[in-house]
Amino acid sequence: MSWIREDESNLIEKLSANILKAGPMPKHVAFIMDGNRRYARKRQVERQEGHTQGFDKLAETLRWCLNLSIHEVTVYAFSIENFKRSKDEVDGLMELAKQKFIRLLEEQENLEKHGVCIRVLGDLTLLPLDLQQHIARAVVATRTHNKCFLNVCFAYTSRHEIANAVREMAWGVEQGLIKSSDVSEALLSRCLYSSNSPNPDLLIRTSGEVRLSDFLLWQTSHSCLVFQSVLWPEYSFWNLCDAILQYQLNHRPLQKARDQHREGQALQQHEADRACVADLLQHHGNGKPLDAQRRQEALLNYTASREERVQNFLGALQHKRDSFLTDLTSQAALA
Amino acid sequence: MVLVYEFVWRVLHVLLHIHRTLITLFRIRLRNWNGQLWSRALATLLVPIALSFPKQKKLVPAPGKRVGRRYRWGADGKSLEKLPDHIGLLIAEEEPRYTDIANLVVWCMAVGISYISVYDNHGVFRRNNSRLMEEILKQQQELLGLEGSKQHSVEFLNNGTDKQDNQVLSCQAVVKVLSPDDGKLRIVQAAQQLCSAVEQMEKTSKDINVTVLDSLLRESKSTPDPDLVLKFGPIESTLGFLPWHIRLTEFISLPSHVDVSYEDLFSALQHYASCEQRLGK
């Protein structure tokens, strides 16, 4: 089954989409696609069939999102915690993923037509090598597409992602690219696997569970959370519309909360810069207190040099990540 | 055509707002009328909403009855299949009512929950820490009586103080007041600490992992992550509540903390007791 379906929506669905789009729409939606196994039990089919139907539902949902002008979707496909499942189930899921990524490469033309960029977020080194190579090829092949974005979280947990971001910043310090005083909320966000995406506006979890299960904990602190009781393989266009309505009802207060948080962040950064400058002046000054203008100049210079350091570091980090993927693809080519 | 869609959208949202307002109004009225008939009639009218109507109205109990209720709370706690070790009270409303929050805290203690955190995303509770603590102690006296207050001693954790592990009294509860600074900012501070250690060559970047970061972000070794967060207010978001700690937390929404009743709290706890956590398996 393909990654992206052609538009099959009927008139009522088209009308409803247009009505919803008259209001504020989420630009980035995240899904916790829960309920595949319960669905399989309910329909009395094999678990693997439940997962396969779950993937088909993903393809359908992506099409609905495109119709609703939602251009970025992040999905929780496989958690690091899921490795605890039986070997059979884990192997089955790895095999399913492999088939899907191989299929993706076969559909390159279609993906190019729709401009779909696929990214995989997680610790890929935990996966079997052949799957890593398929993923790398898919990501590299769609890298330049920019009409819509699908982020698949595979071998992912939010805590691992945050710890990894801290480790990358520590690596930056080790390489002499940044100082420990450059560490900030904004920089940490840019070191997460999801650094190329804005934060999700809306997070939907299906199957009735009301927890986040270690998914995008940092990125969804001010997102609209919608918990729906429908099982993922039974998800419908109307369930999606319902979630978007919830988003629209919460839009203004959340926007306000987000703006307040951003203001607080900017203030904290400013204070941190002031403290650093004061420290520097104390150590390098000749004891005479500087006038306000010179202090202001020093502050501006410091901020500019900090931002330059950070840019260089982020460039080096991106290069490191790109090299990891291209190494995998060249390994795959040689094999 | 676009104007038509916009018009329909506006009508839709006006209807939704009216719907919401009606529900809130009826909830308030129901508390005052205590009419079983009313609640049934309205329940059938407003069926599509997943709201629990309060079953009893909030009475000021006679002193004798108070003792009975206190024992009932303890028994209620024991009757549940599982009780959260750590409960978070997330107040996502503009005007916090300290008495209602204090009531919630005291009921949580009486039911047997050991760790209670109170949070709002403007940092109001943090700034008015002492006022909240006073209110909690006052409500503790009122709801549990002198004897009950002695049995259920409360420890207030401020940022920076460690919980003393020496004496473990029966039914000791720990109340913590949180603000957004305890969330992302704490994580950033821990990251700065680790990067600083790397700068001083005390650590390498490879030493940094989930366990190391977790131990830095844990208040004390004994404080568990929140098992349950009760969110009060219409906003459907965590609003910056402890991002690191909520990976497995169940979220239950209640319409408002204003005039909240014990029954509201208990039905949320019953809902929590029926949740099944598979932990990835």
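Visitor: What ground rules apply here?

Guide: The model is predicted: local features need pLDDT of at least 70, side-chain atom pairs count only at pLDDT 80 or more, and totals for chains, interfaces and linings use all residues. Residues are numbered from 1 along each chain as its sequence is written, chains are lettered from A and ligands numbered from 1 in the order in which they are written, and side-chain values use heavy atoms, with hydrogens and water left out.

Visitor: At what angle do the axes of α4(A) and α6(A) cross?

Guide: Axes are lines fitted to C-alpha atoms, for helices over the stretch in contact, and angles run from 0 to 180 degrees between N-to-C directions. Helices are DSSP runs (H or I, at least four residues), and strands likewise (E, at least two), numbered from the N terminus. Here α4(A), residues 87-106, and α6(A), residues 129-141, cross at roughly 30 degrees, and their axes come within 9 Å. That makes α4(A) roughly parallel to α6(A) (angles under 35 degrees).

Visitor: What is the hand of the crossing of α4(A) with α6(A)?

Guide: A crossing is left-handed if the near helix is turned anticlockwise from the far one by less than a right angle, and right-handed if clockwise. α4(A) passes α6(A) in a left-handed crossing. Contact means heavy atoms within 4.5 Å. Among the α4(A) residues that meet α6(A) are M94(A), F101(A) and L105(A); partners in α6(A) include L131(A), I135(A) and A138(A).

Visitor: How do I read the faces of a strand?

Guide: In a regular strand the side chains alternate between the two faces of the sheet. In β3(A), V116(A), I118(A) and V120(A) point one way, and C117(A), R119(A) and L121(A) the other. Six of the six residues of β3(A), residues 116-121, are buried (under 20% relative accessible area, 1.4 Å probe, protein chains only).

Visitor: Which strand pairs with β3(A)?

Guide: Two strands pair if DSSP finds at least two bridges between them. β3(A) pairs with β4(A), residues 148-156, in the parallel sense over six bridges. V120(A) stands opposite V152(A).

Visitor: How many helices and strands has chain B?

Guide: Chain B has nine helices and six strands. Of its 281 residues, 47% are buried.

Methods:
Parallel < 35°, antiparallel > 145°, perpendicular 65-115°, else oblique. Buried < 20%, exposed > 50% of the residue type's maximum accessible area, 1.4 Å probe, protein only.
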